[in-house]
Amino acid sequence: MIRRLFRSFRNFVYEIDQLTRFSFKMVLSCFGRPIYISETMEQMYLIGIGSLFLVVLTGIFAGQAMALQFSNELADFGSKNYLGRIMSLAIIRELGPILAGLMVAARVASGITAEIGSMKSSNQLDALLSFGVDPIRKLAAPRLIALVVMVPVLTIICDVVAIVGGWIIAIFLSHITSTTYLSAVNERLTFGNVFMGVLKPVVFAFIIAFISCYKGFTTKGGTKGVGRSTTESVMIASISILIVNFILTKVVFSFLKGYL
Amino acid sequence: MIRLDKVNFGYNTEQVLHDVSFHIKPGESRIIMGGSGSGKSTILRLILGLDCPWSGEVYIDGENICGQKLKHLQEIRKQIGMVFQEGALFDSMTIAENVGYYLFEHTKKKESEIEQEARRMLEFVDLDPGIMDKLPEELSGGMRRRVAIARALLSTRPKIMLFDEPTTGLDPQATKNVMNLIRKLRKEENIAVIIVTHQIADALKLADKFVVIQKGRIVFDGDMDELRGSENPEVIKFLAPFRESISDVVKRNFV
Ligand SMILES: Nc1ncnc2c1ncn2[C@@H]1O[C@H](COP(=O)(O)OP(=O)(O)O)[C@@H](O)[C@H]1O
Ligand SMILES: [Mg+2]
């Protein structure tokens, strides 16, 4: 029992070590030649368009649900006019980044791992190498760059949509005027909040890219192996996002207190 | 031209190859036979320099392939064409893009020029250039194998070609086509070939020198006569199911 625990701990450390090395290589491969511009553009398009619908859909409903809960609670205190402030704060700092991060993890991480994993298991990665093409530079770097650009963009879209969802609730169910809601939202659009709201998705993008590519490149054992690493990739990326989100909130809070 | 010297190698901590040595002179061909999992594909990976041995050396034209700068490694690799197991065609690209991949990646040639060359190469491997715009998944296994051969040929004009299980999983007709193509490469283009296979009956017809590998160790290295006369119990055991096809081939080719 203890030995098994020890073994899985050692495995864990080994995997973390490998993942870290791989991640360094990925970041380095974004610089220097050749740069695969058309691959990067294609990935941006696929990631952006592919997740847009999902992000908008979840954003609008989550925003509405949150507004409903908050406005009921606030009404008890007679402070319904603060709804916009709370919404803006909660969405920009937490809900937007997490929703967008998790949706992209579900939609894109699985796709990346499955694609690279099946290339690996059919020797296509070796074939690239044999043609003098570095597969990390060709496949991983464009996905990393595309994610780092697109996840923040999707987060901002998610933020906007969720705030609009709250606005619908505010006007039609809570009977707050549009101006009250929007000016309260605006009040909370401080530098600190927005900074945190953009920093988080950038970090999430790195997490998704590192894990999904690593899992793809280390896929073993045919079709079954691809399935396994795809599942693991989504799972690990989602959990990491939630954990890192907490750490970021904590850290950024202590650094940015004055600006929040 | 290719020399492996006491190569030991494995993945992670598991040793796959034990003290593997053999030597292939220019223009010579070899069949590497062995059961699956015996380390045949691994040998090809080492020859291409995709992995480096734990100990021992791999020489291509007298140069140790490990420890070379990437650029120089590319120069060395240009002499070698590799046809991977199942072809390993890039499945998001058309046949034309696959065949011309090396040129797209490493030269500034115009697309139309590359397509022209790809077309010629497809004709060389007896494929209808009409498939140029298809995706690999739309082709049969045998056609994919031939596209992979075309791709390896067009890349670099290699002096030596490595084939990993070129006929495994193909029907008899497709097998025959691929084998004829390999023969054509040897005769008309004077390309040396190394073929890795566990389909011994096919292998015997394709070359005159053989290596038998079992569990990562070379148990035989020599020509057909030596193979037949071998008294190594491992070799006898390995060839036992194929006695008939061996005598068949011997009758046809040597008598
Ligand atoms: N990427 C890899 N990681 C770990 N083990 C591997 C890998 N590739 C092959 N092996 C193992 O190495 C041994 C030899 O494999 P391989 O050279 O592919 O055999 P063959 O081509 O003769 O069937 C097998 O036991 C296989 O499980
Ligand atoms: Mg093999």
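Predicted model: local features only at pLDDT ≥ 70, side-chain atom pairs only at ≥ 80, totals over all residues.
How many salt bridges does the rule find across the interface of chain B and chain A?

In chain B, six strands form an open sheet of mixed pairing, in the order S6-S7-S8-S3-S9-S10. Strands S6 (80-83) and S10 (217-223) of chain B stand at the edges with a single partner strand each, so one side of each has no neighbour in the sheet. From one strand to the next, the twist averages 15°. Strand S3 (residues 30-33) of chain B pairs with strand S9 (residues 209-214) of chain B in the parallel sense, over three bridges. Within this pairing, Phe210(B) is the bridge partner of Ile31(B). Helix H1 (residues 40-48) of chain B packs on the sheet, where it touches S3, S6, S7, S8 and S9 of chain B.

Let us now turn to the interface. Here 18 residues of chain B are in contact with 16 residues of chain A. The two chains bury about 1,500 Å² between them, with 57% of it on carbon and sulfur atoms. On the side of chain B, Phe84(B), Phe90(B) and Tyr101(B) lose the most area to chain A, together 28% of what that side buries.

To answer the opening question, the rule finds two salt bridges across this interface. The side chains of Arg45(B) and Asp126(A) meet in a salt bridge, at 2.2 Å from N to O. Eight residue pairs are found in polar contact across the interface. Helix H4(B) gives the most to the side of chain B that touches chain A, namely four residues. By class, that side has eight nonpolar, five polar and five charged residues.

Note on methods:
Residues numbered from 1 in each chain as written. Chains lettered and ligands numbered in written order. Heavy atoms only, no water. Pairing = 2+ DSSP bridges. Helix = DSSP H or I, 4+ residues; strand = E, 2+ residues; numbered from the N terminus. Axes fitted to C-alpha atoms, helices over the stretch in contact; angles between N-to-C directions. Contact = heavy atoms within 4.5 Å. Buried area = accessible area lost by both parts, 1.4 Å probe. Salt bridge = Lys/Arg side-chain N within 4 Å of Asp/Glu carboxyl O. Polar contact = N/O pair within 3.5 Å; in protein donor to acceptor, adjacent residues only side chain to side chain. Nonpolar A, V, L, I, M, F, W, Y, C, P; charged D, E, K, R; others polar.
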